Amino acid sequence: AYGQSKLDEKDAQAVALGYVSDATKADKKKYPQYAAGQACSSCALYQGKPSDAAGACPLFAGKQVSSKAWCSAWAKKA
């Protein structure tokens, strides 16, 4: 966690997955599966605590994603 930089929305992997640092700005035309309330903090892949501002994600190695972010790989936490 320490020393990891925040994921840039313009990062190639971020663009490929439709990553936005503010989930409410998700492209609903391109990603109709997006639903209000979805965010990295509630995703099964998110490795931070739900209360953390940012955390690691295995999809973006070495980068931190915002807990309020969203991408098309979002999966509901079990």
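**Close-up 1. Lys-25 and its salt-bridge partner in the predicted model.** Let's start with Lys-25, which counts as exposed because its relative accessibility is 60%, above the 50% cut-off. This lysine forms a salt bridge with Asp-22, and the closest N and O atoms of the two residues are 3.0 Å apart. Side chains of opposite charge can pair when their charged atoms come close. Asp-22 has a relative accessibility of 28%, so this residue counts as partly exposed. If you are looking through the structure for salt bridges, the total is 1.

**Close-up 2. An open sheet built from 3 strands.** Here the strands follow the order E1-E3-E2, and their pairing is mixed. Strand E1 covers residues 5-6 and strand E2 covers residues 54-56; both stand at the edges with a single partner strand each, so one side of each has no neighbour in the sheet. The next two views take the pairings in turn.

**Close-up 3. E1 alongside E3.** These two strands pair in the parallel sense, and 2 bridges link them. Then look at Lys-6, whose bridge partner in E3 is Gln-64.

**Close-up 4. E2 and E3 as a hairpin.** In which sense do E2 and E3 run, parallel or antiparallel? The two strands are antiparallel, and 3 bridges join them. A handy landmark is Gly-55, which faces Val-65 of E3. Between the strands of this hairpin there are 6 residues, and Gly-62 takes a positive phi near 80°.

**Close-up 5. Ser-67 and its surroundings.** Follow the chain past strand E3, which spans residues 63-66, and you reach the segment that holds Ser-67. Is this serine buried or exposed? Ser-67 is buried, because its relative accessible area is 7%, under the 20% cut-off. Which residues does Ser-67 touch, leaving aside those up to four places away in sequence? They are Ala-39, Cys-40, Ser-41, Tyr-46, Asp-52, Ala-53 and Ala-54. For Asp-52 there is a further detail to look for: its backbone oxygen lies 3.1 Å from a polar atom of the Ser-67 side chain.

Terms used: Residues numbered from 1 in each chain as written. Predicted model: local features only at pLDDT ≥ 70, side-chain atom pairs only at ≥ 80, totals over all residues. Heavy atoms only, no water. Helix = DSSP H or I, 4+ residues; strand = E, 2+ residues; numbered from the N terminus. Buried < 20%, exposed > 50% of the residue type's maximum accessible area, 1.4 Å probe, protein only. Polar contact = N/O pair within 3.5 Å; in protein donor to acceptor, adjacent residues only side chain to side chain. Contact = heavy atoms within 4.5 Å. Pairing = 2+ DSSP bridges. Salt bridge = Lys/Arg side-chain N within 4 Å of Asp/Glu carboxyl O.
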